[in-house]
Structure formats: structure tokens, C-alpha cells
Amino acid sequence: MAKAAAGAAGSGTAKKKGPKEYTGRQKAAIFLVTIGSEIASEIFKYLREDEIETLTFEIARLETVDPEQKDAILQEFQELMMANQFISQGGIDFARELLEKSLGSQKAIDIINRLTSSLQVRPFDFIRRTDPAHLLNFIQQEHPQTIALILAYLEPNKASVILQGLPNEVQSDVARRIATMDRTSPEVLREVERVLEKKLSTLSSEDYSAAGGVEAIVEILNLVDRASEKQIIEALEDEDPELAEEIKKRMFVFEDIVMLDDRSIQKVMREVDSQELAKALKSVDTEVQDKIFRNMSKRAASMLKEDMEYMGPVRLKDVEEAQQKIVSIIRHLEDTGEIVIARAGEDELVV
């Protein structure tokens with residue numbers, strides 16, 4: 001790589017370029033070379049493989065760059081970083097206002113345009129920085145579809161706070177709308193943003209933006225309190241039984257059994273068929289297996305290991321079915337209060 005870079009740098013003379021004549025990739029390559037290999041290697045850790053290949057190619061074919069050009073590119077990078085920081089603090093309009101004060105109106109517009117053309121500004125960016133309690137007061141009178149759209153773009157921990165704070169009759173409606181949401185057009189996103197905050201978040205592309213879905217509502221429900229979760233699931237069972245069942249299947253996966261305390265696992269084991277357990281453990285990692293084995297007698301653990309060994313290859317479908325049966329037992333034991341599943345954000349209460 002060093003030889004290729006040296007060869008590219010020394011291959012003849014070329015007309016000098018101004019900073020604006022370099023492509024974005026060339027500027028990135030110059031920036032990485034300027035800051036040195038040690039820091040550049042740290043940056044590479046955050047890039048995709050195709051991005052690393054592209055930048056490596058650009059670095060290898062890089063021509064000699066004058067110190068003035070390097071300084072101009074570093075200055076441009078600093079301005080873009082400053083703009084990006086302002087955007088993260090308060091959104092596009094906030095960044096534009098601060099940049100205008102320090103760099104002038106036209107330069108501020110140029111920087112914002114360059115930044116938003118290469119970075120995707122996620123919808124509702126300004127809302128995601130709002131305290132969930134304040135946001136709940138702000139949106140709870142909105143239509144359930146609007147609330148669902150906003151929650152689908154929020155971090156699950158914040159969305160869960162808002163969801164459990166909504167009236168009971170609205171919770172399940174919003175949960176159902178998130179779960180069945182597919183793609184939302186940029187025009188709709190812009191209109192909702194405009195009405196809610198009277199400002200626009202710049203979208204980098206006219207591609208439809210994907211959000212929501214069953215996985216989204218599962219992640220949110222995993223973080224709400226048990227009472228809210230139960231109420232929402234029960235309401236969904238009345239409104240859309242198939243959707244409710246799909247959500248319940250994903251709420252607690254078999255590997256989550258490691259979250260149970262020893263006493264709970266022992267209770268579960270008393271309800272589980274040994275052959276089903278042997279199949280369920282075939283495709284899981286050693287952490288899950290060890291957690292099970294530790295909560296069995298040495299003789300029972302030895303017999304279970306023998307069953308798994310003598311069972312031979314098992315179809316993945318059969319393994320998943322066995323795991324789902326055990327998950328159903330776990331959820332039943334939780335519903336009856338015989339075991340407790342620890343959830344993020346819940347206070348540990350012993351009575």
C-alpha cells in the first residue's frame with residue numbers, strides 16, 4: 001500500500017487544484033493522510049468495508065498536495081464538524097443561525113447544503129432530543145397515527161416512556177399502528193414535522209423512509225412496565241389476535257433465559273419436557289447451556305448432555321419449535337406471578 005501511494009504521488013506533475021476542485025472522496029483521503037496513520041486507523045474502525053476500500057484507493061492514487069491546499073481542506077473539515085455539532089444540538093435551523101453569526105450568511109448556507117447532501121438527517125431529529133415527559137404532553141392530543149410515526153423514529157427507551165404514559169385506550173391503537181407501519185413518504189414526514197415544530201428537518205433523499213414494524217414495537221414493549229405491556233397485549237389480542245401472537249413470540253426469545261434468576265430457571269425446568277429441552281439447547285451458545293446445566297443436578301445435567309449428543313442433527317425448525325414451547329411456559333409462569341423477568345428500566349422490588 002505504501003509503495004502504491006509513493007508511486008501515485010511521484011508519477012509526473014499535475015496542474016495544481018484548488019480545494020473546491022477535489023471530490024469529496026479525494027478530500028477525505030487528503031484529510032486522512034494529513035492527520036496520520038494512527039488516528040486514521042481509528043477512524044477506519046467506524047467505516048464500512050466498502051468505504052475503507054474506496055478511501056484506500058483514493059489515498060493510493062493521491063497526488064502531491066500543497067500545504068495551503070491541505071490547510072484549506074482541514075479548515076473545511078473543521079467547519080463541517082462544527083455544523084454537524086450544531087445540528088446535533090438543535091437541528092438544521094439552529095446550526096444555520098450559529099454558522100451565519102460566525103461565518104456569514106452565504107458560507108453558512110454552503111456548509112449546511114454540503115453537509116446535508118452527504119449526511120442523512122433522520123426525521124424528527126429535533127424531537128428526539130426532547131425530554132420524553134415533555135414530549136408526551138406535546139403529542140398526546142395528536143392523532144394515534146401521528147404518535148405512532150413519531151415513536152417509530154425515537155429511541156426505544158424514550159418511546160417506551162411515552163407509550164406507557166398514553167391513555168389506555170390509545171396505547172394499543174398506537175402499538176398496532178407501529179407494528180403494521182411499513183414505509184412513509186418524505187412528503188408526509190415533512191408535513192408532520194412542519195405542523196408539530198414549524199420547522200423542517202432536511203431529508204437527504206427522496207427515498208421512502210422505513211420505520212416501525214413488529215420488531216420496532218417489540219423493542220419498545222420490552223422496555224415499558226409490565227402493567228402497560230400486559231394491557232397493550234390484551235387489547236391487541238381483541239383487535240388483532242394474529243398480530244398480538246406475533247408480538248408475544250418476539251417479546252422474549254429463548255436466549256433471554258439467561259436473564260432469569262436461578263430460582264426461576266429451576267421452576268421453568270420442572271415444567272419442561274427433557275426431550276424438548278435437549279432440542280432447544282442444540283443451537284444456542286454455551287452461556288445459555290451453562291445457565292441451564294448449573295440449575296440442574298449433576299445427574300440430570302449429565303443425562304441432558306447425553307440426550308443432546310445421541311439426538312444427532314435436528315432440523316432448525318424443530319429446534320425453534322421446542323424453544324418457542326419453552327418460551328410459552330416462561331411467559332405463562334410470569335403471567336401467573338410464579339417467576340419474574342427482569343426488564344430494562346424497571347426498579348427491582350422484593351415483597
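**Burial and helix packing**

Me: Of the 351 residues of the chain, what percentage count as buried?
Reply: This is a predicted model, in which local features need pLDDT of at least 70 and side-chain atom pairs count only at pLDDT 80 or more, whereas totals for chains, interfaces and linings use all residues. Residues are numbered from 1 along each chain as its sequence is written, and side-chain values use heavy atoms, with hydrogens and water left out. Buried means under 20% relative accessible area, exposed over 50%, and partly exposed in between, with a 1.4 Å probe and protein chains only. Of the chain's 351 residues, the share that counts as buried is 38%.

Me: Which exposed residues does helix 9 carry on the face turned away from its buried side?
Reply: Helices are DSSP runs (H or I, at least four residues), numbered from the N terminus. In helix 9 (residues 132-139), the buried residues are Pro132, Leu135, Leu136 and Ile139. Because these cover an arc of only 105° around the axis, they lie on the same side of helix 9, the arc being that of the directions from the helix axis to the C-beta atoms. The face turned away from that side carries the exposed His134 and Asn137.

Me: How are helix 11 and helix 14 oriented to each other?
Reply: The axes of helix 11 (residues 156-165) and helix 14 (residues 214-221) come within 8 Å and cross at roughly 75°, where axes are lines fitted to C-alpha atoms, for helices over the stretch in contact (heavy atoms within 4.5 Å), and angles run from 0 to 180 degrees between N-to-C directions. Angles under 35 degrees count as roughly parallel, over 145 as roughly antiparallel, 65 to 115 as roughly perpendicular and the rest as oblique. Helix 11 and helix 14 are therefore roughly perpendicular.

How values were computed:
Helices (H or I, at least four residues) and strands (E, at least two) are DSSP runs, numbered from the N terminus.
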